[in-house]
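Reader: I am new to this structure and would like to learn how to read it. Could we go through it feature by feature?

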Amino acid sequence: MSVSTPQRTRPAAPSVEPSRRAELYLSNEELARAAGISMTTLARLMSLGLVDPIAPGFGSPTFSAATAERLRRMLRLHRDLGVNFTGAAIIVDLVERLERERNRSGR
Amino acid sequence: MAVKFRDYYEVLGVPRSASADDIKRAYRQLARKHHPDLQPAAERSQAAERLKEINEAYEVLGDAEKRSKYDALGANWKNGMDFSPPPGAEPGYARAGEWEDVGDVSDFFASLFGRGTGGRARRGDVRVTIPGNDIEGEMPVTLEELLRNTRRPITLNGGRSLEVEIPRGAREGTVLRLAGQGGPGVNGGPPGDVYLRLRLVPHPRYRVAGDDLDMDLPLWPWQAVLGAEVRTETPDGAVTLTVPSGSQTGRRLRLRGRGLPRADGSRGDLHAVVRIVVPERPSAAEREVYETLKRRASAPADRPAGG
């Protein structure tokens, strides 16, 4: 899926939604909410080493938005295909690696 | 309403005589094969479309009641034929007011079963609905946009336009999350998110090194030897730089706090990296000076050490 940038000359903006604040970092609570899981499940995934905070002691926001993306993917694999969390994490890693290799050979 | 007939047996690749178990097995295999999260980003949206068809087919064939209603249409229909529901087949329970909210099924499906049944969460089944697809994409950004967390209009694949504020601290490869801006949730599920991976468009003048920026500072040999005050552009406007005497190529002159903004409000540094440029066509006068310099240089060897 691609996102295209609009043309330079934008006609009197018909349907552009007002500015959305993009998130870079998420706190524990925000990440759990983003992934639709409980704090307990998040804590369990963290203790399994499947979800990594950016840096311990970074302050309250500790996860990158990329972590949320990754976690949502893992949870969908778990829910839709019955893969356990460790398996889902491995799959997400492999798909990401596949993608990187493909980008590298495509350039 | 003319809609296209959908051959759900063909979608799942099973004969019309398939048992409930066969159908479930075929469905699970296809779901595993076409799950968007198993595909590289470029193929994800295509897989999502395919999975939607598979889900729809299973929603009908995996449910005894819906399947018999579907089978009653007869075996003469082919995929893609114009179809109008026979009398009595109209959905009894599709409430018009809710259509837009849940409509993630084909018109064909809706003509038979309505749109209000989008949920596939039957007890004991593997649930393959995705409550609002996430939209993932790359967004090219310029260095200027990272420097002044600007607002940036983007158009998503569906044609929807959003204005995204690029937050402080964003970098090449950073993923931005726009909560709740993805696909609508089916069956009352929450909407998906938009995830944008930033790709930094190379800047002709500044190179990014972590939070810092590097730029070339070309100098004439005499400026490097004697030291100089030079004007140079920075992202924050022109500044006068003091070049210390005896500056070699590669010397880094630091301009504190003129690099990339960090999330905490501080900024990285800008480094002007000295690069000595010799005049390629010296004038007669310059030649003379260099000849004199050559004769009078007190350097101990015929050329600098190293190399």
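Reader: In which sense do strand 8 and strand 9 of chain B pair, and over how many bridges?

Author: This is a predicted model. In it, strand 8 of chain B and strand 9 (residues 212-219) of chain B are antiparallel partners, with four bridges between them. One pair to look up is Tyr206(B), whose bridge partner in strand 9 of chain B is Met215(B).

Reader: What is the order of the strands in the open sheet of four strands in chain B?

Author: The order is 8-9-13-12, and the pairing is mixed. Strand 8 (206-209) and strand 12 (252-255) of chain B each have a single partner strand, so they stand at the edges and one side of each lacks a neighbour in the sheet. From one strand to the next, the twist averages 30 degrees.

Reader: How many bridges join strand 6 of chain B to strand 7 of chain B?

Author: Four bridges join them, and strand 7 covers residues 194-200. The two strands run antiparallel. Within this pair, Arg177(B) has Tyr195(B) of strand 7 as its bridge partner.

Reader: What joins strand 10 of chain B to strand 11 of chain B?

Author: A hairpin does, through two residues. Strand 10 (residues 228-234) and strand 11 (residues 237-243) of chain B run antiparallel and are joined by seven bridges. Among the paired residues, Glu233(B) has Ala238(B) in strand 11 of chain B as its bridge partner.

Reader: Over which residues of chain B does pLDDT stay under 50?

Author: Where pLDDT is low, the predicted coordinates should not be read in detail. In chain B, pLDDT stays under 50 over residues 92-103, for which the model has 15 contacts beyond four places in sequence. Residues 117-129 of chain B also stay under 50, with 23 such contacts in the model. The mean pLDDT of chain B is 82, and 82% of its residues reach 70 or more.

Note on methods
Residues are numbered from 1 along each chain as its sequence is written. Chains are lettered from A and ligands numbered from 1 in the order in which they are written. This is a predicted model: local features need pLDDT of at least 70, side-chain atom pairs count only at pLDDT 80 or more; totals for chains, interfaces and linings use all residues. pLDDT is the predictor's confidence in each residue, from 0 to 100. Two residues are in contact if their C-beta atoms, placed from the backbone, lie within 7 Å. Two strands pair if DSSP finds at least two bridges between them. Axes are lines fitted to C-alpha atoms, for helices over the stretch in contact, and angles run from 0 to 180 degrees between N-to-C directions.
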